[in-house]
Amino acid sequence: PWVELLRNDFWGKDISDRDSHKSYRPLTVATFRLNYMLHELEPLGYHLVNVLLHSAVVYLYVLLCGVVFSEVWPALIAGLLFAVHPIHTEGVSGIVGRADLMCALFAIISLFCYRNSLEIRANARRRVFWFVLSLVSTLCAALCKEIGITTSLLCLAYQISFHKRKSSTQQGVVRPQARQSSVYDLLSALRETVPRGLVLMMFSVSFLWARLKLNQGPPLFHVDNNPALGFPTPFRQLHWSYLCVYNVWLLLSPSQLCAEYAMGTIPPVTSLSDPRNLLTLATFAGLLSLSCYSASYSHSHHRKIMFGLCLTVLPFLPASNLFFPVGFVIAERVLYIPSMGFCLLVSYGFHLLVSRPIIKYFSSLAKIVLIFLLLAQSFKTLSRNFEWKDNVMLFTSALRVSQTSAKMWNFVGNTHFKAGNNTLPEPYFRKSLEVEPLFPPAHINLVRILKRQKRFEEAIE
């Protein structure tokens, strides 16, 4: 029954069940139900909807960048970078990635509605209408995927970054010349954001409270899905912080993509002397310095950088493990919305390089690099799509990235086993147990293959 969508989690289990994943995405599941009504489990329709959703998101994203930049070319470049970024392959080619696509779609719609509510000055009724529509769109985004609730923060970030301050006469004061500074501008933006911010925060808190009531308890994540759960402090926090850096690297260089990052794919950070801690420190220091630079607020390009950073960081926070643990190590699909901010920053950086060349011919060189980047990303996205064609190709491609994941070796063997092959799976199961001797699924699958080959004594052992 359709009403079950309101009671079940994303994977079809009652969300009040103790073993539930607690992911509540009824709007996304409703679209799967509509697909099923039209063509049952024929894959083409599901993929077609995902591609159409991605196309719609790209279109709206270009419009949003046009508002941010007030220029056509930087917006188009950001749209092209976003459209062909290989990190999106999982979100678009993987059917369950539809949750991220729909969440992104409603998040951008919410931002446009919020912008309309800011632009309308004379008609209070229309202003309230667009503000309420923004809240409804945020709710829809959150009912597609949990990170959608961060859209409220993005709306506030947009207002702080691009608000139109009231004049001194409207405020009833005359500002001294000395106070016409970037600090005053930032404080003014924050002050004018407070009324709307309180409403948005109350809305977000109410939604989170309702979700906690619906969940009837926190989710239980197994250490296999998030190995750092078993690490002592401070190595748990160091490892999770490094995972944030790894996500940044996937945005910068999506050359080694993997369908599954669990169980040894990324070696744990178990020492203070691990050199990766320096990389973590450098990355966070870079983000902090860029944030301080954008907060100087003295020029319009500072505000663009501020919004780009917010669009990158805020939607990623719920999946970062920094505030609460999640049920995965790394999932490429969760970078779908953060990559919008990333592409916006890269596009704006390119725009600055071209419009303000430091040395002669630097502008031409930057254009050549951009064309090469777009071609390289397009080629990688196409090749990655072929890897998503079936389970064997997908999991085999993951083994090329990581040889240390017992789960992935078992996946490949199990896929061959289900295809009816009686000999090929065995080396994969044994390799899985070589990597992780106490991995139960590999033991069970090895027993099944040995039994099928009538090797009963080995199976019993």
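Reader: What makes K418, R448, K451 and R452 a patch of positive charge?
Author: K418, R448, K451 and R452 gather on the surface. Lys and Arg count as positive, Asp and Glu as negative; His and the chain ends are not counted. A patch takes residues with over 30% relative accessible area and no salt bridge, and joins like charges within 9 Å. A salt bridge is a side-chain nitrogen of Lys or Arg within 4 Å of a carboxyl oxygen of Asp or Glu. This is a predicted model: local features need pLDDT of at least 70, side-chain atom pairs pLDDT 80 or more, while totals for chains, interfaces and linings use all residues. Residues are numbered from 1 along each chain, and side-chain values use heavy atoms, without hydrogens and water.

Reader: Which helix gives the most to the positive patch?
Author: Helix α18, residues 440–452, with three residues. Helices are DSSP runs (H or I, at least four residues), numbered from the N terminus.

Reader: Why is R448 called partly exposed?
Author: Buried means under 20% relative accessible area, exposed over 50%, partly exposed in between (1.4 Å probe, protein chains only). R448 has 35%, so it counts as partly exposed. R448 is found in helix α18.

Reader: Is N321 buried or exposed, and why?
Author: Its relative accessibility is 3%, so N321 counts as buried. N321 is in the loop between α12 and α13. Its phi is near 70 degrees, a positive value in a residue other than glycine.

Reader: And what about K454, buried or exposed?
Author: K454 has 62%, so it counts as exposed. Phi of K454 is also positive, near 65 degrees.

Note on methods:
Patch = residues over 30% accessible without salt bridge, like charges linked within 9 Å, V, L, I, M, F, W, Y side chains within 5 Å. Areas by Shrake-Rupley, 256 points an atom, 1.4 Å probe, with all protein chains shown as cover. Charge placed at Lys NZ, Arg CZ, Asp CG, Glu CD. Helix = DSSP H or I, 4+ residues; strand = E, 2+ residues; numbered from the N terminus.
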